[in-house]
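Work through the following exercises with the sequence and the model open. Each task is followed by a solution in steps.

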Amino acid sequence: MNDLLSALAARPLLCDGAMGTQLLANGLHAGECGMLWNTEYPEIVSGVHEAYRRAGCNLVTTNTFEGSSFALARHGLDGRMAELNRAGAQNARQIAGDSGWVLGDIGPFGDFLEPLGDMTAEQLHTIYCAQAQALLEGGADALLVETMSDPAEVEVAVAAAKESGSLPIVTTYAFQKNGDTEFRTMMGTSVEEAMGRAIAAGAHIVGANCGTGLSFADYLELARQMVRLAGKTPVILQPNAGSPQMVGEKTVYCATPEEMAALVPALLQAGVRIIGGCCGTSPAHLAAMSCRL
Amino acid sequence: MLMNTFQELTDAVEKGNRKEAARLTQVLLDAGTAPLEIVESALVPAMSNVGEKFKNNQVFVPEMLIAARAMKEAMAIIQPLLTAAGIVPKYTAVIGTVQGDLHDIGKNLVAMMLKGANFNVIDVGINVPPEKFIAAARENNAQLVGLSALLTTTMPAMKTIVDAMRAAGLNNVKIMIGGAPITQQFANEIGADGYSPDAASAVDLAHKLVAA
Ligand code: B1M
């Protein structure tokens, strides 16, 4: 575990970009479960990982965002949870090689914890433990608890990740803009509470990914706040490539690789230690960003 | 005296106090208040207040969910009385997440707010094909169909549904769309009747569309 953290202490690292949009570009239909491709078309999934590695990314993220048994149940695939997560980790492991790290991706389970929803913390803990276990078996070096909104869910996921092995745990939240310089998750969680509770739960690296309606200036401001609030804990940021626009029948993200690359020096200066991309980013974006790192 | 109870019920729902909402509903009914008046004068304003605060980022998803639950508690008492009296909501809306898309948190909030505004809401769920929207709109004589999409990749499915509804001759049914990646410009492009950025505005838009 100290491997990734000590590397990070020495230099900033580049994480990869979006997976879903890349699979769609390769023929995945909207509504199909992209995780199935971990076993059905592993060469395509690995191809995406490889493109990101070639772009200069040090960390690759497994194609397992929807990989909790609860989220997979929406596709009727909960019975294949372990297999699909393991395969996802293996695909990434094979490409990352010795010099790259594999982040085992854990996304939101897709509903609310008690008292808002029916899920108890114990049930969710069991669900996340099983996913974490499968990701580690497949060769993940660290676990990435991402696109979170509820710090209570983060606490459960981080505890499960911890219990499954002593790896670094990375935690990111999705924020929306709540005022000129104020950001909150959809659950109303402030940046301060979000960072504080993730760190207290045991996350080794904290930050943000995705987000709603955030401009590059917003991402930069968010980065500054997170770095200040995270103290000694390294911060990760994975912005979207702008907001999506419809061009003809297709949706496109508006930020070019150059525009995203231009953000990199400012983020580094703000103190961000891992930079990556979220929705709409491609290997071309990450390659351009890599040049500025 | 009763005026106070109305206000207390509004407050209870807004704060998501379920037990209090049920109790005060019963108090009003026992005092002879017409069930519909409770809906219109206490419950609808409560949801509208919460929606307004949500829109202005003063409250968030949890507050919306607990308020809706308190309203549901009150409606569980009131609904049988309304049904027995043959009182039905003036407008019916069919709402669902489009084909290929499984996200439903936003859609559910919009459905809650529409219910909160006393629409009859037919929730057709997630991953809904055009035929199902059309069938539900026909069967329920809906004035409004609401489409939600959270994925850029399922936005085109909205156009398919709009086209299919028009081709099926449902020209009088208004179509409203929403979801994080959706914009007014997109709504214009695909010929939807309106777009709304959040659940509270969705109610305003719904009223506007059905009244037009
Ligand atoms: C009818 O009229 C109207 C009017 C207004 C309407 C309306 C209709 N509908 C909505 N509104 C409006 O009113 C609501 C209230 O104000 C608002 O609704 P919203 O829905 O916008 O807002 C909600 C209140 C809160 N927001 C949400 O509920 C979405 C939250 C995030 C975190 C999210 C979640 C929770 C989930 N996800 Co998904 N997910 C993300 C989201 C990231 C984010 N932070 O946004 C997003 C949307 N997901 C994404 C993706 C890619 C995916 N997800 C997937 C799965 C899931 C979960 C199952 C894990 C879960 C869904 C749970 C559920 N029950 O819905 C997969 C797809 C499944 C599918 N086929 O649909 C998958 C493909 C997973 C993957 N492999 O990456 C991304 C979309 C990228 C894009 N732009 O296309 C994403 C932005 C996160 C990300 N970066 O990966 C307004 O938009």
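Strands here are DSSP runs of E with at least two residues, numbered from the N terminus. The model is a predicted one.

**Exercise 1.** Describe the interface of chain A and chain B: its area, its residues and its salt bridge.

Solution. 
- Step 1. The size of an interface is often expressed as the accessible area lost when the parts come together. Between chain A and chain B about 2000 Å² is buried, and carbon and sulfur atoms give 64% of this area.
- Step 2. Chain A brings 22 residues to the contact and chain B brings 23 residues.
- Step 3. A salt bridge requires a side-chain nitrogen of Lys or Arg within 4 Å of a carboxyl oxygen of Asp or Glu. The interface has 1 salt bridge by this rule. Its partners are the side chains of Arg74(A) and Asp104(B), at 3.6 Å from N to O.
- Step 4. On the side of chain A that touches chain B, at least two residues each come from β6 (176-177), β10 (244-247) and β11 (250-253). β10(A) gives the most, with 3 residues.
- Step 5. Sorted by class, this side of chain A has 10 nonpolar, 8 polar and 4 charged residues.

**Exercise 2.** Locate the ligand and characterise the shell around the ligand.

Solution. 
- Step 1. The ligand lies between chains A and B.
- Step 2. Of the 40 residues around the ligand, those that come nearest are Arg74(A), Tyr253(A), Leu102(B), His103(B) and Asp104(B).
- Step 3. A backbone N or O atom of Leu102(B) is 2.6 Å from an oxygen atom of the ligand. A polar side-chain atom of Asp101(B) is 3.4 Å from an oxygen atom of the ligand. For Asp104(B), a polar side-chain atom is 2.7 Å from a nitrogen atom of the ligand.
- Step 4. In chain B, α5 (105-116), β3 (144-148), β4 (174-178) and α9 (199-211) are the elements that give two or more residues to the shell. The largest share, 4 residues, is that of α5(B).
- Step 5. By class, the shell around the ligand has 22 nonpolar, 13 polar and 5 charged residues.

Methods:
Residues numbered from 1 in each chain as written. Chains lettered and ligands numbered in written order. Predicted model: local features only at pLDDT ≥ 70, side-chain atom pairs only at ≥ 80, totals over all residues. Heavy atoms only, no water. Contact = heavy atoms within 4.5 Å. Buried area = accessible area lost by both parts, 1.4 Å probe. Nonpolar A, V, L, I, M, F, W, Y, C, P; charged D, E, K, R; others polar. Near = heavy atom within 4 Å. Polar contact = N/O pair within 3.5 Å; in protein donor to acceptor, adjacent residues only side chain to side chain.
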